[in-house]
Amino acid sequence: MESREGPESPRLGPTLALPQVSAYLYPWDLVGDPLVVSRLASAGFEHVSVAAAYHSVRAATPQHPQHRFVVAESAALYRPVRSAAWAGRRLSPFSAPWTGSEDSFERAVEALGAGGLRVTAWVVLTHNSALGRQHRDLVVRNCFGDSYEWALCPANAEVREYAALLVAEAVRELPLEGISLEACGQLGAEHGGHHEKTIAAYTPLAEQILSICCCDACQRDWKAEGMDADATVRTLQAALEAAQRPAVGVDVTPEEGLGAPMAALLLTCRQRHADALLEEVLAAVRSTDASLRITLHAQPDPWATGASPGLTPTSAGRADAALVPVEATSPRSADAVAAARRSVPADVSVAAYVNLLAPIAPDDFDEHAGRLLHAGADELHLYHFGLANRKQLAFFSLLASLSS
């Protein structure tokens, strides 16, 4: 790493080795910064994931020569939104004028390719508040009727068709190594935004119950499973109230809170929708570029929702890698990686999605990296090179050196 990037990198034990370490970037981290590719190469990176379709965000750009923040006002496709492709559809993506380019993703891919780096398209599928506000009949709805505008529900055929076309348009006609699928499933109650005032308001079980979608499409699926939809909603409401009682432990499961038969049916319906979404998305990827490596953002907990939804019994086997979010230096991170390793086939890689922006003590990091690797991580995906300040960049350089 160049000396101007910060202090000397902490040392990492010599026994650790990885086949692949990847950095994450937004297109605006590359557009207008002629030095970012050399910084990546100097840090030792060969693989980079760049957002090709992403949700709204206010992002810091500490290293960029022209600005210090970028505000992505809505979820958008960072490729041209072609009328020929999207005509006649209720759901179509927004463009991204804040990037200063109609095709900022292509410009990013070209810059990285010229520097010898391999690029994966990072695509967010069902997290889209702008489309959710416009089409509330297609979003997740909880048992009290609250609509989650940020969460398009994959039980709806229109949502699955939108996601499939989105990935096809994101990767078309570009020299890419792979595609990284975020929010390829159902989002739930948790959503960081709107000056969030919900932290710790609900117990873990209550959040899981509030994340069970009760939209019209999901209720039709319940009825097909022989469930009484109105009675199911009432049961969810009662279970939510019970989950808020002080005596309820943090480890109570949905099976315990709802009863095993109901929980199994509700999870079966959710997983069916997630599998249908993934199948349509993969068909679109294969029809566009069958050589692309598939990375699926996921968690081993089958009840998980959000950017990394729970694995289904078959979803991990459809991907080349399962990307599992882990806490910065928590020992629990190794448990998540080990659980993912047990949940996926032997020929599917387990990738640890490591947030290097959280406070990290250099003396702690060697042990943390070792825990992840020994727990079964085959890859490290490092979040987020464009958001990192000079001090944080030292950790990126340290970990990228593992792949060389």
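Visitor: Why is Leu152 called buried?

Guide: Buried means under 20% relative accessible area, exposed over 50%, and partly exposed in between (1.4 Å probe, protein chains only). The relative accessible area of Leu152 is 0%, so Leu152 counts as buried. This is a predicted model, where local features need pLDDT of at least 70 and side-chain atom pairs count only at pLDDT 80 or more, while totals for chains, interfaces and linings use all residues. Residues are numbered from 1 along each chain as its sequence is written, and side-chain values use heavy atoms, with hydrogens and water left out.

Visitor: Which residues does Leu152 contact, apart from neighbours within four places in sequence?

Guide: Contact means heavy atoms within 4.5 Å. On that basis Leu152 is in contact with Thr126, Asn128, Leu131, Gly132, Leu138, Val139, Val159 and Tyr162. Leu131 is 21 residues away in sequence, and its C-alpha is 8.0 Å from that of Leu152. Leu152 belongs to strand E8, residues 147–152. Helices (H or I, at least four residues) and strands (E, at least two) are DSSP runs, numbered from the N terminus.

Visitor: What makes H6 mostly covered?

Guide: In H6, 12 of the 15 residues are buried, including Val159, Tyr162 and Leu166.

Visitor: Why is the pair of Trp86 and Tyr162 called tilted?

Guide: Rings of Phe, Tyr and Trp (its six-membered ring) pair if their centres lie within 6.5 Å; planes under 30 degrees apart are stacked, over 60 edge-to-face, and the rest tilted. By this rule there are 14 aromatic pairs. The rings of Trp86 and Tyr162 have centres 5.9 Å apart and planes at 50 degrees, so this pair is tilted. The pair links distant parts of the chain, with Trp86 in helix H3 (residues 83–86) and Tyr162 in H6, 76 residues apart. Trp86, at 5%, is buried, and so is Tyr162, at 3%.

Visitor: What makes Tyr148 and Trp150 a stacked pair?

Guide: Their planes are 10 degrees apart, and the distance is 4.9 Å centre to centre. At 6% relative accessibility Tyr148 is buried, and Trp150 is buried at 13%.

Visitor: How do you know that His191 makes a polar contact with His127?

Guide: A polar contact is a pair of N or O atoms within 3.5 Å; within protein, one must be able to donate a hydrogen and the other to accept it, and residues adjacent in sequence count only if both atoms are side-chain atoms. The side chains of His191 and His127 make such a contact at 3.2 Å. His191 lies in the loop between strand E9 (178–182) and helix H7 (204–210). With a relative accessible area of 11%, His191 is buried.

Visitor: Why is Arg58 said to lie over the face of Phe69?

Guide: A charge sits over a ring if NZ of Lys or CZ of Arg is within 6 Å of the ring centre and within 35 degrees of the ring normal. Arg58 lies over the face of Phe69, at 4.2 Å from the ring centre.
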